[in-house]
Amino acid sequence: MKIVAADVVVTSPNRNFVTLKITTDEGLTGLGDATLNGRELAVVSYLRDHVAPLLIGRDASRIEDTWQFLYRSGYWRRGPVTMAAIAAVDMALWDIKGKAAEMPVYQLLGGASRDGLMAYGHASGTSLPALFDSIREHQEQGYRSIRVQTGVPGLKSIYGIAAQSTTGERYDHEPAQRGAYPAEEDWDTRSYLRHLPTVFEAVRHEFGPDLPLLHDGHHRMTPIQAARLGKSLEPYDLFWLEDCTPAENQEALRLVRQHTTTPLAIGEIFNTVWDFQALIKEQLIDYVRAASTHFGGISPLRKVMDYAAQYQVKSGFHGPTDISPVGLAAQMHVGLAIHNFGIQEYMQHGAKTNAVFQQSFTFTDGYLHPGDKPGLGVELDVDEAGRYPYEVAYLPYNRLADGTVHDW
Ligand code: EZ4
Ligand code: CO
């Protein structure tokens, strides 16, 4: 079965998505997600100019060989642009293999290890009443686990606090915003460290001890600040504290780990298993936050989770709306198959996105299931996609009170 076409589709229904569509001489097609939030067109060029021409004529059944060829023959390794492009090829080839075998991809990965994937959603609010309402809305939608982000007194706008929609229509760009220049937000770590434990105290008081609660620190703390936050949140029994430090310095986590038993999750901006090597081997984290889309696809995600299993480290794959329905499906199949699944982030795409990408997954009583269609279970309506051309959009960034650019 030979690859005869590799087309890149850019569409912006509720936000920008980059999708690779591979077609074989037998008429089977496969989809891969290559969306890199705020840098989408760099991956489009990488795929169109450097990858697609190499795929024509290759045997579509050779997934591992194609992955190794793209990773090693390019000489320049790793990095989000390269790994998003390779991810799209890997996913598309798994999709084709599933369709050829007439099986959902999770069956090819060893079959289901569980009935469904516990998912968490994002509750947020600038005040406690608004936050409580948001938590209740998520519970009404079925969520059994909830990420809590909150405003900090004295700061105007902060990452992770959903903007109030004036039209009622969901805006998938969150936290990125349409516009030619990134929005500027402000930040003060001392205020945040003082305020956050009071929020979790109030949430536990209102919602009781059972509800699994998560929090994302978004790389903003130094190791000693992260250690202090982890310690101060221990009474509230978090499911995890995410990205407590800029994690490219893996050794920093040793200090955090020595001081707190709050579980730690890291890795949404990691691209390869090497970014996790020390974190997993030294058991410095509890959850792997990689996303199929930014980690080279299904094949390496499966490998890092098998490595993590030896150290009782579980999955918590990154599932914001900038992972397309194709990327989300890819990691749902992995999550269903592996033994060391932990939790799946699930933010929900908007109606326009769901019309462009026809999906077969289900979300029932807080549990996701990728469905039983052959392949990944997602199809792209190319005509519908064509109605929404690319729009410039960037993630925000932040500055401290004296004007210094801070970690984001
Ligand atoms: O900021 O997906 O845990 N989720 C997050 C996300 C990320 C965006 C970046 O593209 O931190 O909201
Ligand atoms: Co995050």
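This is a predicted model: local features need pLDDT of at least 70, side-chain atom pairs count only at pLDDT 80 or more; totals for chains, interfaces and linings use all residues.

Colleague: Into which domains is the protein divided, and how many Å separate their centres?

Modeller: The bounds come from an automatic or database domain assignment, which gives domain 1 (3-104) and domain 2 (108-372). Their contact (heavy atoms within 4.5 Å) takes 35 residues from domain 1 and 40 residues from domain 2. Taken over C-alpha atoms, the centres of domain 1 and domain 2 are separated by 26 Å.

Colleague: Which residues have the most contacts inside the largest nonpolar core?

Modeller: A nonpolar core here is a set of buried Ala, Val, Leu, Ile, Met, Phe, Trp, Tyr and Cys residues joined through side-chain atoms within 4.5 Å; buried means under 20% relative accessible area, exposed over 50%, and partly exposed in between, with a 1.4 Å probe and protein chains only. In soluble globular proteins, nonpolar side chains tend to be buried together. The largest core has 113 residues, and those with the most contacts inside it are Ile22, Leu47, Val89, Ile135, Phe276, Val288 and Ile298.

Colleague: Which helix gives the largest share of this core?

Modeller: Helices (H or I, at least four residues) and strands (E, at least two) are DSSP runs, numbered from the N terminus. The core draws at least three residues from each of domain 1 and domain 2. The largest share, 12 residues, comes from helix 3.

Colleague: Leaving aside neighbours within four places in sequence, which residues is Val89 in contact with?

Modeller: Val89 is among the residues with the most contacts inside the largest core. Beyond its neighbours within four places in sequence, Val89 touches Leu20, Ile22, Leu47, Val51, Leu55, Thr66 and Leu70.

Colleague: Which residues coordinate the cobalt ion (ligand 2)?

Modeller: Donors are N, O and S atoms within 2.8 Å of the metal (3.2 Å for Na, K and Ca), and water is not among the atoms, so the site may look incomplete. Along the chain, the donors of the cobalt ion (ligand 2) follow the spacing D-x25-E-x25-E. At 2.0 to 2.1 Å, the ion is coordinated by Asp216 (OD), Glu242 (OE) and Glu268 (OE).

Colleague: Why is the arrangement around the cobalt ion (ligand 2) irregular?

Modeller: Four donors count as tetrahedral if all angles lie between 85 and 135 degrees; four count as square planar and six as octahedral if opposite donors are over 155 degrees apart and all others between 65 and 115; anything else is irregular. The arrangement is irregular because the six donor atoms around the cobalt ion (ligand 2) subtend angles of 24 to 177°.

Colleague: Are Asp216 and Glu242 buried or exposed?

Modeller: Asp216 lies in strand 8 (residues 213-216) and Glu242 in strand 9 (residues 240-242), so the pair ties together parts that are 26 residues apart in sequence. Asp216 has a relative accessible area of 3% and Glu242 has 0%. Asp216 is therefore buried, and Glu242 is likewise buried.

Colleague: Which residues are linked with Glu242 in a network of salt bridges?

Modeller: A salt bridge is a side-chain nitrogen of Lys or Arg within 4 Å of a carboxyl oxygen of Asp or Glu, and the whole structure holds 20 salt bridges. In one of them, the closest N and O atoms of Glu345 and Arg289 are 3.0 Å apart. That pair links distant parts of the chain, 56 residues apart. The network joins Glu242 with Glu268, Arg289 and Glu345.

Colleague: How many residues apart are Asp95 and Lys99 in helix 3?

Modeller: The side chains of Asp95 and Lys99 meet in a salt bridge at 3.8 Å, N to O. Asp95 is buried at 0% relative accessibility, and Lys99 is buried at 17%. The two are separated by about one helical turn because, in helix 3 (residues 80-101), they sit four residues apart.

Colleague: Where is Asp243, and is Asp243 buried or exposed?

Modeller: Asp243 has a positive phi of about 40° although it is not a glycine. Asp243 lies in the loop between strand 9 and helix 8 (252-259). With a relative accessible area of 1%, Asp243 is buried.

Conventions. Residues are numbered from 1 along each chain as its sequence is written. Chains are lettered from A and ligands numbered from 1 in the order in which they are written. Side-chain values use heavy atoms; hydrogens and water are left out.
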